[in-house]
Amino acid sequence: MTSVKKLIREYRTLDEIRERKDELLDELQQDNTKMSTMWNQVFLKRENNTKTDYIASIVSNGIVAFDAIILIRKLMKGYGFFFGNKKKKQKKSFL
């Protein structure tokens, strides 16, 4: 594990504390602007989508949904007893 070294500054006057406070405020404002631009870029709307792109996304989402349904069905069939479903009892045959 890497250790984090903290810089310890000694302040002797109120002016030094105020200067440091202003520096930290500037850093916070810069970080805030960076984060807001990153956040806005995440949710950009793509307006240049064609009908082909729209249909392709619908088909892709449909395939993913179908695959998820099949996966859940298989898991419930094999491990349904974990979810409260009882396994079917097999009839014993008497010869």
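This is a predicted model: local features need pLDDT of at least 70, side-chain atom pairs count only at pLDDT 80 or more; totals for chains, interfaces and linings use all residues.
Let me begin with R18, which forms a salt bridge with D15, the closest N and O atoms being 3.5 Å apart. R18 and D15 are separated by about one helical turn, because they stand 3 residues apart in helix 1. R18 counts as partly exposed because its relative accessibility is 48%, which falls between the limits of 20% and 50%.

In total, the structure holds 4 salt bridges. I turn now to those that involve E23.

Which residues does E23 join in a network of salt bridges? The network links E23 with R9 and R20. Between E23 and R20, the side chains meet at 3.3 Å, N to O. Both residues belong to helix 1, and they are 3 residues apart, about one turn of the helix.

The contact of E23 with R9 is also a salt bridge, with 3.6 Å between the closest N and O atoms. This pair links distant parts of the chain: E23 is in helix 1, whereas R9 is in the segment before helix 1, 14 residues apart.

How accessible are the members of this network? E23 has a relative accessibility of 36% and therefore counts as partly exposed. R9, at 45%, is likewise partly exposed, and R20 is partly exposed with a relative accessible area of 24%.

A negative surface patch is formed by E16, E19, D22, D26, E27 and D31. E27 counts as partly exposed, its relative accessibility being 41%.

Definitions and conventions. Residues are numbered from 1 along each chain as its sequence is written. Side-chain values use heavy atoms; hydrogens and water are left out. Patches are made of residues with over 30% relative accessible area and no salt bridge: like charges are joined within 9 Å, nonpolar side chains (Val, Leu, Ile, Met, Phe, Trp, Tyr) within 5 Å. Accessible areas come from the Shrake-Rupley method with a 1.4 Å probe; for residues, only the protein chains shown count as cover. Lys and Arg count as positive and Asp and Glu as negative; His and the chain ends are not counted. The place of a charge is taken as NZ of Lys, CZ of Arg, CG of Asp or CD of Glu. Buried means under 20% relative accessible area, exposed over 50%, partly exposed in between (1.4 Å probe, protein chains only). Helices (H or I, at least four residues) and strands (E, at least two) are DSSP runs, numbered from the N terminus.
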